[in-house]
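Have the structure open as you read.

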Amino acid sequence: MNIEIYNNTREIADAFASIMQKTAKQNENKAVHIALSGGSTPKAIFRELTKKYGSELCNNRFHFWWGDDRCVAPDHDDSNYKWARELWLQPIGIPEENIHRVTGENKPEDEALSYSEKIKKLLPKANGLPVFDIMLLGLGEDGHTASIFPHQIGYITSPEIAVVASHPESGQKRISLTGPLINNSKNIIFLATGVKKAAKVKEVIIDKNETLPASHIKAENGQLTWWLDEASSKLLKNL
Ligand code: 6PG
């Protein structure tokens with residue numbers, strides 16, 4: 001596991017852009033499958049990527065997916081797809097056919113199946129599972145990642161590709177990729193910034209608290225890198 005500390009969203013955007021470009025170079029002429037995280041943290045990164053790189057990152061070999069999304073309409077403020085598309089993918093001209101959103105308006109059980117089928121159909125495989133080239137994850141203050149929450153920690157070992165998850169407080173239904181699928185990715189990036197994440201970053205990285213879904217994310221087919229800032233990494237000693 002690698003840990004990288006960044007000073008601001010611009011540096012994180014630069015790091016994401018360079019991983020995308022490096023992966024595209026390594027996969028000459030092949031599709032590059034990128035799963036994006038949701039929540040608020042990535043929004044500033046998307047804005048920065050649009051501002052600084054614009055259509056430089058509009059390579060029609062990039063395919064965008066979501067590690068999880070809420071079961072809401074695509075124009076709903078809770079939709080992770082809505083923000084990624086509005087702040088980044090659409091302004092830089094990513095072709096619609098390269099954007100594979102969770103169809104949040106579908107019946108959750110049907111959508112979990114159809115998203116799984118689409119992933120199985122379009123992604124290459126390794127270890128019997130589809131492989132994402134880049135898997136961007138966030139860390140919840142309760143130690144969840146994607147939409148695998150502590151009360152549904154079983155999804156960390158689910159044999160499914162995508163499942164119907166629910167938010168522990170609101171009950172909001174989400175579609176989430178499962179632990180084995182996430183762990184089969186080539187490049188897992190855990191993006192956790194801000195002082196509110198410091199406690200859980202320590203519980204996952206140092207304490208290895210097994211009750212937290214994020215503690216079970218391992219790079220089983222590539223590498224896992226934590227992207228932190230001063231505030232979120234303040235409880236990690238001897239960094
Ligand atoms: C979601 C996410 C989720 C998110 C974390 C962190 O749909 O909410 O994908 O896993 O990444 O909850 O969210 P913040 O960036 O808002 O803290």
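## Cavities, pocket and ligand

Searching the whole structure turns up two cavities of 30 Å³ or more. A cavity here is a set of points, on a 1 Å grid over the protein atoms alone, where a 1.4 Å probe fits but cannot get out, whereas a pocket is an open set with protein on both sides within 12 Å along at least five of seven lines; lining residues have an atom within 4 Å of a point. Grid points are joined across faces, edges and corners, and a volume is the space filled by probe spheres set on the points.

Please keep in mind that this is a predicted model, in which local features need pLDDT of at least 70 and side-chain atom pairs count only at pLDDT 80 or more, while totals for chains, interfaces and linings use all residues. Residues are numbered from 1 along each chain as its sequence is written, and side-chain values use heavy atoms, with hydrogens and water left out.

**The ligand**

- Threonine 41 has a polar side-chain atom 2.5 Å from an oxygen atom of the ligand, a polar contact in the sense of a pair of N or O atoms within 3.5 Å.
- For aspartate 68, a polar side-chain atom lies 2.6 Å from a ligand oxygen atom.
- Histidine 144 has a side-chain N or O atom that is 2.8 Å from an oxygen atom of the ligand.
- On its own the ligand has 420 Å² of accessible area (Shrake-Rupley method, 1.4 Å probe), and the protein covers 87% of that.

**The largest pocket**

- The ligand takes up the space of the largest pocket, where sitting in a pocket requires more than half of a molecule's atoms to lie within 2 Å of its grid points.
- This largest pocket contains about 450 Å³ of space.
- Its lining has 25 residues, with Gly38, Gly39, Ser40, Leu139 and His144 nearest the centre.
- Helix 2 (41-52), strand 4 (68-70) and strand 7 (134-138) each give two or more residues to that lining; helices (H or I, at least four residues) and strands (E, at least two) are DSSP runs numbered from the N terminus.
- Strand 7 provides the largest share of the pocket lining, with three residues.
- By class, the pocket lining divides into seven nonpolar, 13 polar and five charged residues.

- The largest cavity holds about 40 Å³ of space, and its lining consists of Ser37, Gly38, Gly39, Pro42, Lys43, Phe46, Asn80 and Trp83.
- Helix 2 gives the largest share of the largest cavity's lining, three residues, and helix 3 (80-89) supplies at least two.
- The lining of the largest cavity has three nonpolar, four polar and one charged residues.
- The second largest cavity, with a volume of about 40 Å³, is lined by Ile12, Phe16, Pro42, Ile45, Phe46, Leu136, Leu191 and Trp227.
- In the second largest cavity, eight lining residues are nonpolar, with no polar and no charged ones.

Note on methods: A polar contact is a pair of N or O atoms within 3.5 Å; within protein, one must be able to donate a hydrogen and the other to accept it, and residues adjacent in sequence count only if both atoms are side-chain atoms. Ala, Val, Leu, Ile, Met, Phe, Trp, Tyr, Cys and Pro count as nonpolar, Asp, Glu, Lys and Arg as charged, and the others, Gly among them, as polar.
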